[in-house]
Amino acid sequence: PEATPSWVQAVKAQYKQHSHGEEPRGWYLYATALHWAVTQFTPASMEVAPKNTRERLYNIAAIFISLVLFPTFLTSITNSVAAFRKQSLDHSDAKKNLFNFLQDNRVSLSLS
């Protein structure tokens with residue numbers, strides 16, 4: 001194990017400095033970790049950075065995983081929107097065809 005402090009220790013020290021010595025609660029650390037994870041999928045920035053080799057390797061792995069997962073997620077959303085648009089267009093076409101059929105064959109309003 002390395003002697004370099006982990007990001008958790010660094011965040012705790014930073015929190016203590018800004019909160020007059022008070023220890024951060026678990027939810028603060030959880031929220032910080034979640035914030036860090038979200039920044040790996042977006043161009044957002046974050047003050048938490050890897051503090052040792054293990055954390056840096058984990059960060060690199062998270063970035064590579066996000067390079068695969070984010071485009072897959074985006075493709076899924078794009079395909080869903082395209083399918084919805086096609087379904088909506090098909091429905092409009094069917095409605096238009098029905099209206100034209102009823103008009104062409106002079107079907108009465110009460111019968112239709």
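1. Ground rules. This is a predicted model, in which local features need pLDDT of at least 70 and side-chain atom pairs count only at pLDDT 80 or more, while totals for chains, interfaces and linings use all residues. Residues are numbered from 1 along each chain as its sequence is written, and side-chain values use heavy atoms, with hydrogens and water left out.

2. Helix α1. Helices here are DSSP runs (H or I, at least four residues), numbered from the N terminus. After α1 comes H20, with a positive phi near 60 degrees.

3. A first aromatic pair. Rings of Phe, Tyr and Trp (its six-membered ring) pair if their centres lie within 6.5 Å; planes under 30 degrees apart are stacked, over 60 edge-to-face, and the rest tilted. By this rule there are three aromatic pairs. One of them joins Y15 and Y28, whose ring centres are 4.6 Å apart with planes at 50 degrees, so the pair is tilted. This pair links distant parts of the chain, as Y15 sits in helix α1 (residues 7–18) and Y28, 13 residues away, in helix α2 (residues 26–41). Y28 is partly exposed, at 33% relative accessibility; the cut-offs are under 20% relative accessible area for buried, over 50% for exposed, and partly exposed in between (1.4 Å probe, protein chains only).

4. An aromatic pair within α2. W27 and Y30 have ring centres 5.6 Å apart and planes at 85 degrees, so this pair is edge-to-face. The two residues are three apart in helix α2, about one helical turn. W27 is exposed, at 67% relative accessibility.

5. Salt bridges. I find two of them in the structure, taking a salt bridge as a side-chain nitrogen of Lys or Arg within 4 Å of a carboxyl oxygen of Asp or Glu. In one, K16 and E23 bring their closest N and O atoms to 2.7 Å. E23 is partly exposed at 41%, and K16 is also partly exposed, at 34%. K86 and D90 form a salt bridge with closest N and O atoms 3.1 Å apart. Both lie in helix α3 (residues 53–104), four residues apart, or about one turn. D90 is partly exposed at 39%.

6. What makes up the nonpolar surface patch? F41, I65, V68, L69, F70, F73, L74, I77 and V81 form it, covering about 800 Å². Patch residues have over 30% relative accessible area and no salt bridge; like charges are joined within 9 Å, and nonpolar side chains (Val, Leu, Ile, Met, Phe, Trp, Tyr) within 5 Å. Areas come from the Shrake-Rupley method with a 1.4 Å probe, with only the protein chains shown counted as cover for residues. Helix α3 gives the largest share, eight residues. F73, in helix α3, is exposed at 52%.

7. Two more residues to look at. Q40, in helix α2, is buried, with a relative accessible area of 15%. Neighbours within four places in sequence aside, Q40 is in contact with N59, A62, I63 and S66, contact being heavy atoms within 4.5 Å. V8 lies in helix α1 and is partly exposed at 26%. V8 and T32 are 24 residues apart in sequence, with a C-alpha to C-alpha distance of 9.3 Å.
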